[in-house]
Amino acid sequence: MTCICFVTNEIYPVTPGGAGSLIFNLTRELLSEQQRVVLLLNVSKAAFDRFKRSELEQLPNPKNCCVYHVDELCRAAPFAESDFQSRFIWESARYDYACRQVYEKERPDRIEFVDYNGPAYAAICAKIAGLSYQTALMTVRMHGPVELIDRFAMTKPIDFDRL
């Protein structure tokens, strides 16, 4: 039995977004094939609780699925958002901090990150430096680049973080 960990800020049906729908459907398929799935979710506490309480049990073989919340795992993080120049670098550090804990506990064979604005950066650096994730294959799921999103849907301000 293999184990895959999906690291994401979207999960169907408790958050909007195509990546969340993809991950939910992949999770359902993998669980139906008796694989283990770990979900590391960077969603609101309300969305996390709803998913864990209502949606997890609807999946096949829910005992083979573990769900973790980034905010909960980062409560004791030795850094704050103000320590970073950019919100996205801070988020990448949070993902890595939480993911290292999940890796030590669950030992997934593969860790797949959402790619939107670099959340895997700190974890990939940790793997390259030999600090963690020694046995895991790290992957980043392709997504539409932010530049295309901004060009055709100018709904967000173009500020330092966005650049």
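I count two strands as paired if DSSP finds at least two bridges between them. The model I am reading is predicted.

**Sheet.** I looked up E2 and E3 and found a parallel pairing over five bridges. Leu-39 stands opposite Val-67 in E3. I then traced the whole sheet: it is open, has five strands, and runs in the order E3-E2-E1-E4-E5 with parallel pairing. Strand E3 (65–69) and strand E5 (137–140) are at the edges with a single partner strand each, so one side of each has no neighbour in the sheet. On average, neighbouring strands are turned by 15 degrees against each other, direction ignored.

**Helices on the sheet.** Helix H1 (residues 18–32) touches E1, E2 and E3, and its direction makes about 165 degrees with that of E1. I see H4 lying across E1, E2, E3 and E4, at about 155 degrees to E2.

**Core.** Which residues touch the most other members of the largest nonpolar core? I noted Val-7, Leu-40, Ile-111, Phe-113 and Tyr-133, out of 23 residues. H4 gives the most to this core, five residues. Another core of 18 residues lies apart from it, including Phe-6 and Val-43. I also checked Leu-40: leaving aside neighbours within four places in sequence, its contacts include Val-7, Tyr-68, Leu-73 and Val-102.

**Cysteines.** How many disulfides does the structure hold? I found zero. For Cys-66, the closest cysteine sulfur is in Cys-65, 6.8 Å away and therefore too far for a bond. Cys-66 is partly exposed at 24% relative accessibility. Cys-125 is also partly exposed, at 32%.

Methods: Residues are numbered from 1 along each chain as its sequence is written. This is a predicted model: local features need pLDDT of at least 70, side-chain atom pairs count only at pLDDT 80 or more; totals for chains, interfaces and linings use all residues. Side-chain values use heavy atoms; hydrogens and water are left out. A nonpolar core is a set of buried Ala, Val, Leu, Ile, Met, Phe, Trp, Tyr and Cys residues joined through side-chain atoms within 4.5 Å. Buried means under 20% relative accessible area, exposed over 50%, partly exposed in between (1.4 Å probe, protein chains only). Helices (H or I, at least four residues) and strands (E, at least two) are DSSP runs, numbered from the N terminus. Contact means heavy atoms within 4.5 Å. A disulfide is a pair of cysteine sulfur atoms within 2.5 Å. Axes are lines fitted to C-alpha atoms, for helices over the stretch in contact, and angles run from 0 to 180 degrees between N-to-C directions.
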